[in-house]
Structures are given as structure tokens and as C-alpha cells.
Amino acid sequence: HSDIQYHRRKVTHAMGTLLDETVGNIVAQLKCSGLWDDTLLVFMSDNGAKFGNSPNYPLRGGKGSYMEGGLRVPAFVSGGLNVLPPQSRQRTLWGYIHICDWYATFADAVDLDA
């Protein structure tokens, strides 16, 4: 990350790179051991960046605000053939979700009544 001028941004990029490599290693091990087809992998941020630490541009606001910069965050779900139904793959959803919404999703994935 030598091309990045600001120290905080370098640290952020380094953490992202490490996370990417680590998750890649975990997924590779799950696939190698035959467990990937029964795995549901979920990543979801808790809220936008803190004011002053990182820009949320083009969104206004940040952590602790009710503007999009405090509420709109990336999330993704990935998983094996036995967990993620075909109609749920390769989709982009733009609606809102709350962390509590995951309970019903996980319960349904393992055939429990939510």
C-alpha cells in the first residue's frame, strides 16, 4: 500500500487486504474438507463510518446518524449448494435489513420455526 499517502487509509487498506486473504483461506479450507456445500457465510457491517475517520461520500452522515451514511452499509451472503437456494444466488437487494432479521433467515435455512 505504498501508493497511499495517508497513514489511516493505509491501515484501513491493510486490514481489508488481510480480511480478504483470511476469508479466502477459510473458504478454501471449507471447500477442501467438503464442508462448503453446507456452509452459509454472512458479512454485514454494523453502521457507517465514524465522523472524521473515514468519508462516507457520496452518502451524507455517518455512525450514529439517521442519514444514509449511518444506515446504508454493505452486506453479502454466500454459501454452498445445500444452503443457498438457486433463486437466492447472484442477486442484489437494495432494501433495508436489521440484524434481528437474520434470525428468521437462519432458522429457515436449518428448517426451524422462527
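Helices (DSSP runs of H or I, at least four residues) and strands (runs of E, at least two) are numbered from the N terminus. The structure described here is a predicted model, in which local features need pLDDT of at least 70 and side-chain atom pairs count only at pLDDT 80 or more, while totals for chains, interfaces and linings use all residues. Residues are numbered from 1 along each chain as its sequence is written, and side-chain values use heavy atoms, with hydrogens and water left out.

Helix α1 covers residues 7-32, which is 26 residues. From its first C-alpha to its last, α1 reaches 37 Å, close to the 38 Å expected at 1.5 Å a residue; the expected span is 1.5 Å times one less than the number of residues. The buried residues of α1 are Val23, Val27 and Leu30, where buried means under 20% relative accessible area, exposed means over 50%, and partly exposed lies in between (1.4 Å probe, protein chains only). An α-helix has 3.6 residues a turn, so residues three or four places apart point the same way. The buried residues of α1 pack against β1, contact being defined as heavy atoms within 4.5 Å.

Gly34 follows α1 and has a positive phi, near 80°. Thr39 is found in the loop between α1 and β1. Its side chain reaches the backbone oxygen of Leu35 at 2.8 Å. This is a polar contact, a pair of N or O atoms within 3.5 Å; within protein, one must be able to donate a hydrogen and the other to accept it, and residues adjacent in sequence count only if both atoms are side-chain atoms. Leaving out residues up to four places away in sequence, Thr39 touches Leu30, Ser78, Gly79, Gly80 and Val83.

**The loop between β1 and α2**

Both Ser65 and Gly61 lie in the loop between β1 and α2. The side chain of Ser65 reaches the backbone nitrogen of Met67 at 3.4 Å. Beyond its neighbours within four places in sequence, Ser65 is in contact with Phe51, Gly70 and Leu71. Gly61, with residues up to four places away not counted, touches Phe51, Asn56, Met67, Gly69 and Gly70. Gly61 and Leu71 are ten residues apart in sequence, and their C-alpha atoms are 8.8 Å apart in space.

Leu71 itself belongs to helix α2, residues 68-71. Together with Tyr66 and Tyr96, Leu71 makes a nonpolar surface patch of about 460 Å².

Most residues other than glycine have a negative phi, and most peptide bonds are trans. Gln90 has a positive phi of about 55° although it is not a glycine. This residue lies in the loop between β2 (75-79) and α3. Asp111 is placed in the segment after α3 (101-109). Asp111 and Lys31 are 80 residues apart in sequence, and 23 Å apart in space from C-alpha to C-alpha.

**Accessibility of selected residues**

The table lists relative accessibility; accessible areas come from the Shrake-Rupley method with a 1.4 Å probe, and for residues only the protein chains shown count as cover.

| Residue | Relative accessibility | Class |
|---|---|---|
| Ser65 | 15% | buried |
| Thr39 | 16% | buried |
| Gly61 | 18% | buried |
| Leu71 | 42% | partly exposed |
| Asp111 | 70% | exposed |
| Gln90 | 86% | exposed |

The patch named above follows a set rule: its residues have over 30% relative accessible area and no salt bridge, with like charges joined within 9 Å and nonpolar side chains (Val, Leu, Ile, Met, Phe, Trp, Tyr) within 5 Å. A salt bridge is a side-chain nitrogen of Lys or Arg within 4 Å of a carboxyl oxygen of Asp or Glu.
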